[in-house]
Amino acid sequence: MARWPAAADVKCTWDLLMGMGSDKLRVNPRKSWYNNVAEVTTRGDFEVTFKLKQPQPYLLTLLASGWSPIYPCHVPAREMRQHPIGTGPFKFVAFKPNEFIKVAKNPDYWKPGRPYLDGIEYTIMREIAPRDLAFYAGKFDMIPLGVSIPTLKDFKAQAPQALCEINTGNVPRTMLVNPAVPSFDNPELRRAMGLAFDRKAFLNIFNEGKGLIGANMMPPPNGAWGMPPDVLETLPGYGSDVEKNRAEARKIMEKLGYGPDKHLAVKVSTRNFPGWRDPAVVMVSQLKEIYVDAELDLVDTALWYPKMARRDYTVGFVPIESGVDDPDQMFYENYVCVALRNYGGYCNHDLDKLVNQQSMEADPVKRKQIVWQIERVLADAGVRPVLYYPAGASCRQPWVKDLTLMTNSIYNGWRMEDVWLDK
């Protein structure tokens, strides 16, 4: 089969992402990343030019993220969904839903001598306990990311040889409110709900106090753009005096006609998956403190994203799966009016102007000030308050060598080309 030149693949990929090509992606949540790209042109086989509508100094951050692979454009997008090909260290072998993904060493990889591994098999397991038991028995070489802090005691007892590293990931847990649903279209009600939360309780219950509290941008030290604690405290709902916040929330609720004898009933939708389901239970219990009786609506993973895209929910417990620690990614993907993953349908044209303004700003200090202004607008709107940033551990057997763990996104690779086994 004939191959296009490399530059043509780059152009074709961004035409696909921007919806300008003849082929189409079934779902394209990152289209809004590139709203500012007017055109991609090529010169020869190895040079590509991105023509922008306005300056965007941090576009390179988006281009370098794990969510920006180059498609081989002689292969239709529908085929790439089931049988992806590429120039990475491993080649796709097989995917069986709810069972496994298998990849094998790419003999044509551009870096001589890499990868070291012959292949990788990712076993898909819905529940945590049987996964951990399989690791203890030596059936798995590693569990990336998904080991909860409380279960580390079991790892120490059952697999004392295991090497476990704790990290706070850039996947903030949020309460998502649909402002198009009656009652919840009232910003006062949303403000009251945002005042209900004891964020430290989430960290204590699930992370033994580890993890971080922040707004949309990941807080320091892992995040480059997030607010320090003293600034975060000034956002509505993010202050650390929980009882004061809840007292204010109850006053708002009473003003809206609710109280001890009249609660607001609502369903809270979330994926039926432990990392989502368990903290959603705590969120529901905390909402009860302000006269909100919430009932969990557990949704199968296969149905979850279509449900969100249809905005077929009232309140949800939803992580934000950040592709990289950059405001352009966070705000263009989740909050501007046209964004596909703006699941709440929140649209504020003044906010969009601020998002564009920070995107043009090359000075990181000035940019951060605009980003924090955006955080305040979103906190006032109350459509998606951030509850906490969870900590988790990656555990591996001692024979797994040279694994690199990431902090700015769980999607930006672990340098598996460098990993080798010393068995």
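This is a predicted model: local features need pLDDT of at least 70, side-chain atom pairs count only at pLDDT 80 or more; totals for chains, interfaces and linings use all residues.

Student: Okay. Where is L145 found, then?

Tutor: L145 sits in strand β6, which covers residues 142-147. Its phi is positive, about 75 degrees, although L145 is not a glycine.

Student: How exposed is L145?

Tutor: L145 counts as partly exposed, because its relative accessibility is 33%. Partly exposed is the range between under 20% for buried and over 50% for exposed.

Student: Which residue other than glycine has a phi near 55 degrees?

Tutor: That is R415, again with a positive value. R415 lies in the loop between β14 (400-401) and β15 (420-421).

Student: Back to the start of the chain. What span should helix α1 have, and what are its ends doing?

Tutor: Helix α1 takes in residues 6-17, which makes 12 residues. At 1.5 Å a residue, α1 should span 16 Å. The end C-alpha atoms are 17 Å apart, which agrees.

Student: Which residues of α1 are buried?

Tutor: They are A7, D9, V10, T13, W14, D15, L16 and L17.

Student: And what covers them?

Tutor: The cover includes β1, β2 and α2 (59-63).

Student: What follows α1?

Tutor: G19 does, with a positive phi near 70 degrees.

Student: You mentioned β1 and β2. In which sense do they pair?

Tutor: Antiparallel, over five bridges. β1 is residues 37-42 and β2 is residues 48-52. T41 stands opposite T49 in β2.

Student: What about the hairpin they make?

Tutor: Five residues lie between the two strands. G44 in this hairpin takes a positive phi near 75 degrees.

Student: Next topic, the open sheet. In what order do its strands come?

Tutor: The order is β3-β4-β5, three strands with antiparallel pairing. β3 (90-96) and β5 (119-123) stand at the edges. Each has a single partner strand, so one side of each is left without a neighbour in the sheet. The twist averages 15 degrees from one strand to the next.

Student: How many bridges join β4 to β5?

Tutor: Five, with β4 at residues 100-105. V103 has I120 in β5 as its bridge partner.

Student: What holds strands like these together in general?

Tutor: Strands of a sheet pair through backbone hydrogen bonds, either parallel or antiparallel.

Student: Now the loop between β4 and β5. Which proline lies there?

Tutor: P115. The peptide bond from R114 to P115 is cis, with omega near -5 degrees.

Student: And the bond from P220 to P221, cis or trans?

Tutor: Cis, with omega near 10 degrees. P221 is placed in the loop between α7 (199-207) and α8 (229-232).

Student: How much space is in the second largest pocket?

Tutor: About 280 Å³. The second largest pocket is lined by 18 residues. K200, I213, L232, E233 and S240 lie nearest its centre. α7 and α8 each supply at least two residues of the lining.

Student: Is N245 buried or exposed?

Tutor: N245 counts as buried, because its relative accessibility is 9%. N245 lies in helix α9, residues 242-255.

Student: What does N245 touch?

Tutor: L195, G237 and G239, not counting residues up to four places away in sequence.

Student: Last one. Where does Q161 lie?

Tutor: Q161 is in the loop between α5 (152-158) and β7 (163-168). At 34% relative accessibility, Q161 counts as partly exposed.

Student: How far are the C-alpha atoms of Q161 and P398 from each other?

Tutor: They are separated by 6.5 Å, yet the two residues are 237 residues apart along the chain. Q161 touches both Q397 and P398, leaving out residues up to four places away in sequence.

Key
Residues are numbered from 1 along each chain as its sequence is written. Side-chain values use heavy atoms; hydrogens and water are left out. Two strands pair if DSSP finds at least two bridges between them. Helices (H or I, at least four residues) and strands (E, at least two) are DSSP runs, numbered from the N terminus. Axes are lines fitted to C-alpha atoms, for helices over the stretch in contact, and angles run from 0 to 180 degrees between N-to-C directions. Buried means under 20% relative accessible area, exposed over 50%, partly exposed in between (1.4 Å probe, protein chains only). The expected span of a helix is 1.5 Å times one less than its number of residues. Contact means heavy atoms within 4.5 Å. On a 1 Å grid over the protein atoms alone, a cavity is a set of points where a 1.4 Å probe fits but cannot get out, and a pocket is an open set with protein on both sides within 12 Å along at least five of seven lines; lining residues have an atom within 4 Å of a point. Grid points are joined across faces, edges and corners, and a volume is the space filled by probe spheres set on the points.
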